[in-house]
Amino acid sequence: MEIKSVAIDLPQDTNIIIGQTHFIKTVEDLYEIMVGTSSQVKFGIAFCEASGSCLIRVAGNDKNLEEAAVKNAANLASGHSFVILLQNAYPINFLNAIKQCPEVCTIYCATANPVQVIVAETEQGRGILGVVDGFSPKGVESADDVKVRKDFLRNIGYKL
């Protein structure tokens, strides 16, 4: 077995959700979740089918994000994994619905940070072990940092 780190190529001003699922209809169900949750979200979904034709299945409403999702999924090449790239919305708005999707097994990350995916490769194929999401902590927040955090959440409309 070989363990690799795969860097995700995240377009500017884009968030990503990476997960694992188990069925070909996932790409359509995830599409319905995205458009059913937000009318303004732009997104691309790529799903690595792990049996049958073993194709990367694609859906979305933005060709550039679809292409970027496919590129990342192809680099991961991990069975039954999915990549959702989104703009004009935050992952937090979609996560509960995605978690409730019957065929979704795991969500590895939902972020706008740089991401590295840790992948194991065997003679059978590849699988995701986990992710490195962003960077390591540099300390503990100060009173000024708390104010910045609270102001940020209010500025983007997530707190009153």
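What relative accessibility does D151 have?

A: The model is a predicted one, in which local features need pLDDT of at least 70 and side-chain atom pairs count only at pLDDT 80 or more, whereas totals for chains, interfaces and linings use all residues. Residues are numbered from 1 along each chain as its sequence is written, and side-chain values use heavy atoms, with hydrogens and water left out.

D151 has a relative accessibility of 33% and counts as partly exposed. Buried stands for under 20% relative accessible area, exposed for over 50%, and partly exposed for what lies in between (1.4 Å probe, protein chains only). D151 joins K147 in a salt bridge, at 2.8 Å from N to O; the term requires a side-chain nitrogen of Lys or Arg within 4 Å of a carboxyl oxygen of Asp or Glu. Helices (H or I, at least four residues) and strands (E, at least two) are DSSP runs numbered from the N terminus.

Another connects E49 and R57 at 3.1 Å, with E49 buried at 11% and R57 partly exposed at 24%.

Aromatic rings supply further links. Rings of Phe, Tyr and Trp (its six-membered ring) pair if their centres lie within 6.5 Å; planes under 30 degrees apart count as stacked, over 60 as edge-to-face and the rest as tilted. The count by this rule is two pairs. In the tilted pair of Y31 and F43, the centres are 5.4 Å apart and the planes 55 degrees apart. Y31 lies in helix α1 and F43 in strand β3, so this pair ties together parts that are twelve residues apart in sequence. Y31 is partly exposed at 30%, whereas F43 is buried at 0%. The other pair, Y90 and Y158, has its ring centres 5.6 Å apart and its planes at 75 degrees, so it is edge-to-face. It links distant parts of the chain, 68 residues apart: Y90 is in the loop between β5 and α3, and Y158 in the segment after α4 (143-155).

The interior can be described through nonpolar cores, that is, sets of buried Ala, Val, Leu, Ile, Met, Phe, Trp, Tyr and Cys residues joined through side-chain atoms within 4.5 Å. The largest has 19 residues, and those with the most contacts inside it are L30, M34, F82, I84, L86 and I98. At least two residues each come from α1 (26-37), β3 (42-48), β5 (81-87) and α3 (95-100). Helix α1 gives the largest share, four residues. Apart from this core lies another, of 18 residues, including I8, A73, L76 and V119.

E66, in helix α2 (residues 63-76), is buried at 11%. Contact means heavy atoms within 4.5 Å; leaving out residues up to four places away in sequence, E66 touches F43, G44, V58, A59, G60 and N61.
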